[in-house]
There are 2 protein chains.
Amino acid sequence: MLAPSNPVKTAPTENPSERDLANIRHAIFQAEQGLSERGVPIGAALVRSDGVVIGVGRNRRVQQNSAILHGETDCLNNIGRLPASVYKDCTTLSPCSMCSGTMVLFGIKRCVMGENDTFVGARGADALFASAGVEVVNLNLDSCKKLMNEFIERFPEVWNEDIGEEDSK
Amino acid sequence: MLAPSNPVKTAPTENPSERDLANIRHAIFQAEQGLSERGVPIGAALVRSDGVVIGVGRNRRVQQNSAILHGETDCLNNIGRLPASVYKDCTTLSPCSMCSGTMVLFGIKRCVMGENDTFVGARGADALFASAGVEVVNLNLDSCKKLMNEFIERFPEVWNEDIGEEDSK
């Protein structure tokens, strides 16, 4: 059984690959762009196993007034409709339940996150990954933590609304 | 541990309430509207515990060329941004991993599905619900099964694409 009150937290990955460190930059660029729009600074990229970046996206809750456009969902929305075989790797922050479920639905088999200190994949997300055989890499990057912490400090009510944790009003 | 290859399947609920049977009609109406648009006939409604329908939505993969607009996600997108306390009940078909994760993220505590014969909440969705304490009611309605079966028979490639099961090309 999953334990929502005690989520699995993926430990930092030792000696991450150059490719993962390079690809996470697409997601970080999206996150920075989001912050410049006063949005939640979380980005995502869908990267094929041969290194081709299929698409990118960022949380656009604030910008689009949407509750469902998180990093991964915006990324998949931007890409449009693809056959199931195309979804392979995803580069992201510690994904929430919605984005984790989305990745499992599409059969994305690998998740590279920038860090999971500011947000532990809530309510069983990491355990859902484990059960679905999704490989999780945690790059544990200080730059990602800094970006998120600055945002959470400045706009705590937007962040809380985004992760469904408590009332924003 | 969840077992993706052997998903939990919620049994039909005996003696469902009049309210659930009434509210599922909002979702069915959306599903029928989707079918008339040649879309995947799955609808959803978010209903507050006092019976007020907060919003409705339907799968719009085909209509909007979007991979993320399923019943529940379209419903939540249509509603816009709400404080976390508002999300309470959701009326839906057997939800996929993405929609189940979405419901868990927003703390929706109750799921009323029309049926789960045509699609068993794939890859651990029902188990995710169980772990997050979401009450699941299965109305097991023939009208819902008929709607889905007709669609799957007519457009199998769109349905397979929608649930990420196999290539549509």
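Me: How many salt bridges does a search of the whole structure find over all chains?
Reply: This is a predicted model. Side chains of opposite charge can pair when their charged atoms come close. Searched over all chains, the structure gives a salt bridge total of 14.

Me: Which residue forms a salt bridge with A:Arg60?
Reply: A:Arg60 sits in the loop between strand E2 (53–58) and helix H2 (61–64) of chain A. Its partner is 14 residues apart from it, in helix H3 of chain A. The closest N and O atoms are 2.9 Å apart. The partner is A:Asp74.

Me: Is A:Arg60 buried or exposed?
Reply: The cut-off for buried is under 20% relative accessible area. A:Arg60 has 19% relative accessibility. A:Arg60 therefore counts as buried.

Me: What is the relative accessibility of A:Asp74?
Reply: A:Asp74 is the salt-bridge partner of A:Arg60. A:Asp74 counts as buried. Its relative accessibility is 1%.

Me: How many residues apart in sequence are the parts that A:Asp117 and A:Lys145 tie together?
Reply: The side chains of A:Asp117 and A:Lys145 meet in a salt bridge, 3.2 Å from N to O. A:Asp117 lies in the loop between strand E4 (110–113) and helix H5 (125–132) of chain A, and A:Lys145 lies in helix H6 (residues 142–154) of chain A. So the pair ties together parts whose separation in residues is 28.

Me: Where do B:Lys146 and B:Glu150 lie?
Reply: Their side chains meet in a salt bridge, 3.2 Å from N to O. The two residues are four apart, about one turn of the helix. Both lie in helix H6 (residues 142–154) of chain B.

Me: Is B:Lys146 buried or exposed?
Reply: Exposed means over 50% relative accessible area. B:Glu150 has 37% and counts as partly exposed. B:Lys146 has 54%, so B:Lys146 counts as exposed.

Me: Which residues do salt bridges that share partners join into one network?
Reply: Some salt bridges share partners.

Me: Are H3(A) and H4(A) parallel or oblique to each other?
Reply: Helix H3 covers residues 71–79 of chain A, and helix H4 covers residues 97–106 of chain A. Their axes come within 8 Å and cross at roughly 40°. Angles under 35 degrees count as roughly parallel. The two helices, H3(A) and H4(A), are therefore oblique.

Me: How many residues of the contact of H3(A) with H4(A) are nonpolar?
Reply: From H3(A) come A:Glu72, A:Thr73 and A:Leu76. They meet A:Met98, A:Cys99, A:Thr102, A:Met103 and A:Phe106 in H4(A). Two of the contact residues are polar and one is charged. The nonpolar count is five.

Me: What is phi of A:Asn15 near?
Reply: Most residues other than glycine have a negative phi. A:Asn15 has a positive value. It is in the segment before helix H1 (18–36) of chain A, and is exposed, with a relative accessible area of 73%. Phi of A:Asn15 is near 50°.

Me: Where is B:Arg38, the residue with phi near 65°?
Reply: B:Arg38 has a positive phi and is not glycine. B:Arg38 is exposed, with a relative accessible area of 52%. Its place is the loop between helix H1 (18–36) and strand E1 (43–47) of chain B.

Me: What relation does the superposition of chain B on chain A show?
Reply: A rotation of 180° superposes chain B on chain A, with RMSD 0.0 Å. The shift along the axis is 0.0 Å. That is the relation of a two-fold axis.

Me: Which residue of chain B has the C-alpha nearest the axis?
Reply: The axis is that of the 180° rotation. The C-alpha in question is 2.4 Å from it. It belongs to B:Gly101.

Me: How many helices and strands has chain A?
Reply: Along the sequence, the pattern of chain A is α-β-β-α-α-β-α-β-α-β-α-α. Chain A has 169 residues, and 59% of them count as buried. The tally is seven helices and five strands.

Note on methods:
Residues numbered from 1 in each chain as written. Chains lettered and ligands numbered in written order. Predicted model: local features only at pLDDT ≥ 70, side-chain atom pairs only at ≥ 80, totals over all residues. Heavy atoms only, no water. Buried < 20%, exposed > 50% of the residue type's maximum accessible area, 1.4 Å probe, protein only. Axes fitted to C-alpha atoms, helices over the stretch in contact; angles between N-to-C directions. Parallel < 35°, antiparallel > 145°, perpendicular 65-115°, else oblique. Contact = heavy atoms within 4.5 Å. Nonpolar A, V, L, I, M, F, W, Y, C, P; charged D, E, K, R; others polar. Salt bridge = Lys/Arg side-chain N within 4 Å of Asp/Glu carboxyl O. Least-squares fit on C-alpha atoms with pLDDT ≥ 70 in both.
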